[in-house]
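Visitor: I would like to go through this model with you. Could we start with the charged contacts and move on from there?

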Amino acid sequence: MGTSGNFSAVLSRDPLRLAITVSGIDKGLLSVDQIVEIDERGKVLAGSGKPSAESSLHIAIARARGAGAVLHTHSIWSTILSDNAPETGLAIEGYEMLKGLDGVQTHDHREWLPILDNTQDWAAAVPQVEAILAQQRDAHAFLIRRHGLYTWGRDLADAKRQVEILEFLFEVMGRKRGMTWQP
Ligand SMILES: [Zn+2]
């Protein structure tokens, strides 16, 4: 929606190089010149434009998870659920669609999505993100409160599949809760 979200893909692992969307653009109208190459510190090596304000998170995830692609999206359901979830995370369990997450073989799975508080200074938040990724080794994604989702995969197709799976599950949980919650 709008110019929200940002996408990246790993171009090389050593040294780490990412292709990442520049900030402030409509992702539905994305063109080649709106993607820049950055190094492991977020410095632009090729292309023009300002890389996403959240580049440091993409770099941290690519490093910690060995991901080939990182996708960050804003959606209504991830915003609502991260707002109403308890302090530290959101549990999703018992749904068939969980099998769309990398390595999950059965609906009998409990996915724990850590929730970070939002900030406008992501460079400063990197140590916290790295700590969460280290502690929650099985997590396929994390949420930023009242903001959106981060997930990743071996490649873009893998990461996109996880966005779709998680968004499906968020909507299911949000709608179900809406039926039972009292105002
Ligand atoms: Zn965002």
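Predicted model: local features only at pLDDT ≥ 70, side-chain atom pairs only at ≥ 80, totals over all residues.

Visitor: What does the side chain of K160 meet in a salt bridge?

Guide: The partner is E164, with an N to O distance of 2.7 Å. E164 is itself partly exposed, at 45% relative accessibility.

Visitor: Where do E164 and K160 lie?

Guide: Both belong to helix α4, which covers residues 156–180, and four residues, about one turn of the helix, separate them. In general, residues three or four places apart point the same way, because an α-helix has 3.6 residues a turn.

Visitor: Which residues do salt bridges with shared partners join into one network?

Guide: The network consists of D102, R154, D158 and R161. Within this group, D158 bonds to R154, and their closest N and O atoms are 3.5 Å apart.

Visitor: And D158, buried or exposed?

Guide: D158 is buried, with a relative accessible area of 9%. R154, by contrast, is exposed, with a value of 57%.

Visitor: How many salt bridges does the count come to?

Guide: The count is 10 salt bridges. One of them pairs D117 with R145, where the closest N and O atoms lie 3.0 Å from each other.

Visitor: Why does the pair D117 and R145 tie together parts that are apart in sequence?

Guide: D117 sits in the loop between β7 (110–116) and α3 (122–135), whereas R145 sits in the loop between β8 (141–144) and β9 (148–153), so the contact connects parts 28 residues apart in sequence. D117 is partly exposed at 46% relative accessible area, while R145 counts as buried at 15%.

Visitor: Changing topic: which atoms are the protein donors of the zinc ion?

Guide: The donors are the NE2 atoms of H72, H74 and H147, which lie 2.1 Å from the ion. Along the chain they follow the spacing H-x1-H-x72-H.

Visitor: Where are H72 and H147 in the chain?

Guide: H72 is in strand β5 (residues 69–73) and H147 is in the loop between β8 and β9; the pair thus links distant parts of the chain, 75 residues apart. H72 is buried at 0% relative accessibility, and H147 is buried at 10%.

Visitor: On to the strands. Which residues make up the covered face of β3?

Guide: In strand β3 (residues 35–38), V36 and I38 form the covered face, and I35 and E37 form the uncovered one.

Visitor: What stands opposite V36, and what stands opposite I38?

Guide: V36 has I20 opposite. The strand containing that partner, β2 (residues 17–21), runs antiparallel to β3 and is joined to β3 by four bridges. I38 faces V44 of β4, and β4 (residues 44–46) pairs with β3 in the antiparallel sense over two bridges.

Visitor: How many residues lie between β3 and β4 in the hairpin?

Guide: Five residues lie between the two strands, and G42 in the turn has a positive phi of about 90°.

Visitor: Last topic: which residues of helix α2 are buried?

Guide: In α2 (residues 76–84) the buried residues are S78, L81 and S82. Viewed down the axis of α2, these buried residues fall within an arc of 95°, so they line one face of the helix.

Definitions and conventions: Residues numbered from 1 in each chain as written. Heavy atoms only, no water. Buried < 20%, exposed > 50% of the residue type's maximum accessible area, 1.4 Å probe, protein only. Pairing = 2+ DSSP bridges. Salt bridge = Lys/Arg side-chain N within 4 Å of Asp/Glu carboxyl O. Arc of directions from axis to C-beta. Donors = N, O, S within 2.8 Å, 3.2 Å for Na, K, Ca; no water.
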